[in-house]
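Trainee: Could you walk me through how to read this model?
Mentor: Gladly; let us look together.

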Amino acid sequence: MKVTILDDYHDTLRTLACFSKLAGHEVTIWNDHVEATDALAQRLHDTEALVLIRERTKIRAPLLERLPRLLLISQRSVWPHIDIDACTRLGIIVASDMHAGTPSYATAELAWGLILAAVRQIPQQMAALKAGRWQIGVGSTLRGKTLGVYGWGRIAHVVAGYGRAFGMNVLVWAREPSRQRARQEGFAVADSKAAFFAECDVISLHMRLVDATRHIVTAHDLAQMKPTALIVNTSRAALIEPGALVGALRTGRPRLAAVDVYEEEPVIDPCHPLLAIDEVVATPHLGYVSREEYEIQFSDVFDQILAYAAGTPINVVNPDCLARARRGV
């Protein structure tokens with residue numbers, strides 16, 4: 001099959017052990033990022049299997065309708081960036097493994113790295129040191145403080161464990177079934193959403209972005225946080241009400257934020273509102289970006305291509321497409 005991989009910024013995938021799974025297929029890898037439909041249509045015109053690196057590129061109907069040879073889109077995790085209805089209408093199979101049994105330890109570790117970086121002012125202190133200034137402020141320790149984990153999935157559970165290892169009190173808030181699981185696993189649960197935001201010294205968001213969670217964190221929620229508190233988002237930017245985080249930081253509740261995700265990515269404008277606030281530690285969506293995580297993810301992604309080529313597609317997101325799926329030329 002003619003396989004195209006988009007947005008492999010650092011040309012990493014060909015260096016992975018799992019890349020050998022694509023031996024015998026014709027693979028084209030693009031390292032830059034383009035968004036224009038015309039440019040993408042030209043790049044992907046002969047593509048039969050398209051590999052996406054998470055949500056870096058939006059795949060919508062105007063593009064899909066110009067890709068007559070496309071048979072399969074293979075990726076991992078959720079798919080808000082793909083027009084699934086258009087794929088089904090056009091006979092294009094979408095395969096995506098939801099990694100139900102494997103938490104992203106890479107994301108959990110980054111969340112914890114952001115927590116430490118924010119409360120100890122690590123990026124700011126480094127920048128000052130390189131500019132010839134010695135100790136620009138006093139940070140905070142975490143032991144004995146309260147870590148709030150919003151959501152109770154696989155990554156949240158790992159982050160909570162890290163919090164305990166650092167001597168923090170862990171407090172959970174989530175949907176009622178998830179809160180019940182947290183209680184059964186020996187974790188404290190907040191009495192209410194308002195109490196959760198008011199009591200925590202650090203809050204880390206760990207939820208999938210679906211209709212029920214979009215903008216679930218409001219300006220009112222943030223206003224309840226302590227003036228010394230930190231909020232961390234390594235999940236999805238749209239979990240927070242638009243503009244609410246910038247507004248809250250400007251009023252001082254919470255005082256600190258650490259973010260790895262943005263409404264529109266990639267962020268290449270240094271004047272982005274979050275980047276202009278000294279109390280924000282910001283990273284360019286690095287949560288899942290580690291060699292070990294890539295090996296896990298793309299082993300699955302390439303297996304989906306092999307399964308399709310063998311006539312037994314797996315992890316099909318749009319099963320209604322199977323009966324009228326396109327056939328290779």
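Mentor: We will go from the overall chain to the sheets, then to a helix pair and some backbone details. This is a predicted model, in which local features need pLDDT of at least 70, side-chain atom pairs count only at pLDDT 80 or more, and totals for chains, interfaces and linings use all residues. Residues are numbered from 1 along each chain as its sequence is written, and side-chain values use heavy atoms, with hydrogens and water left out.

Trainee: How many helices and strands does the chain have?
Mentor: Helices (H or I, at least four residues) and strands (E, at least two) are DSSP runs, numbered from the N terminus. Here there are eleven helices and twelve strands. The radius of gyration is 22 Å, close to the 20 Å that the globule rule gives for 329 residues, so the chain is as compact as a globular protein of that length. That radius is taken over C-alpha atoms, and the rule is 2.2 Å times the number of residues to the power 0.38. Along the principal axes, the C-alpha atoms fill a box of roughly 65 × 50 × 35 Å.

Trainee: What is the strand order in the open sheet of five strands?
Mentor: Two strands pair if DSSP finds at least two bridges between them. The order is 2-1-3-4-5, with parallel pairing. Strand 2 and strand 5 (93–97) are at the edges with a single partner strand each, so one side of each has no neighbour in the sheet. From one strand to the next, the twist averages 20 degrees. Strand 1 and strand 2 pair in the parallel sense over four bridges, and Thr4 has Thr28 of strand 2 as its bridge partner.

Trainee: Which helix packs on that sheet?
Mentor: Helix 11 (residues 291–309) does, touching strand 1, strand 3 (49–51), strand 4 (72–76) and strand 5. Contact means heavy atoms within 4.5 Å. The direction of helix 11 makes about 155 degrees with that of strand 4. For such angles, axes are lines fitted to C-alpha atoms, for helices over the stretch in contact, and angles run from 0 to 180 degrees between N-to-C directions.

Trainee: What about the open sheet of seven strands: which order does it have?
Mentor: Its order is 8-7-6-9-10-11-12, again paired in parallel. Strand 8 (188–189) and strand 12 (280–282) are the edges, each with a single partner strand, so one side of each is left without a neighbour in the sheet. Strand 7 (residues 169–173) pairs with strand 8 in the parallel sense over two bridges; the bridge partner of Leu171 in strand 8 is Ala188. Helix 10 (residues 244–251) packs on this sheet, touching strand 10 (230–233), strand 11 (256–259) and strand 12.

Trainee: How do I describe two packed helices?
Mentor: By the angle between their axes and the distance between the axes. Helix 4 (residues 105–119) and helix 6 (residues 154–165) pack at about 45 degrees, with axes 9 Å apart. They are therefore oblique to each other: angles under 35 degrees count as roughly parallel, over 145 as roughly antiparallel, 65 to 115 as roughly perpendicular and the rest as oblique. Residues in the contact include Trp112 of helix 4 and Tyr162 of helix 6.

Trainee: And which backbone details stand out?
Mentor: Most residues other than glycine have a negative phi, and most peptide bonds are trans. Asp7, in the loop between strand 1 (2–5) and strand 2 (26–29), has a positive phi near 65 degrees. A cis peptide bond joins Arg253 and Pro254, with omega about 0 degrees; Pro254 is in the loop between helix 10 and strand 11. Another cis bond joins Glu265 and Pro266.
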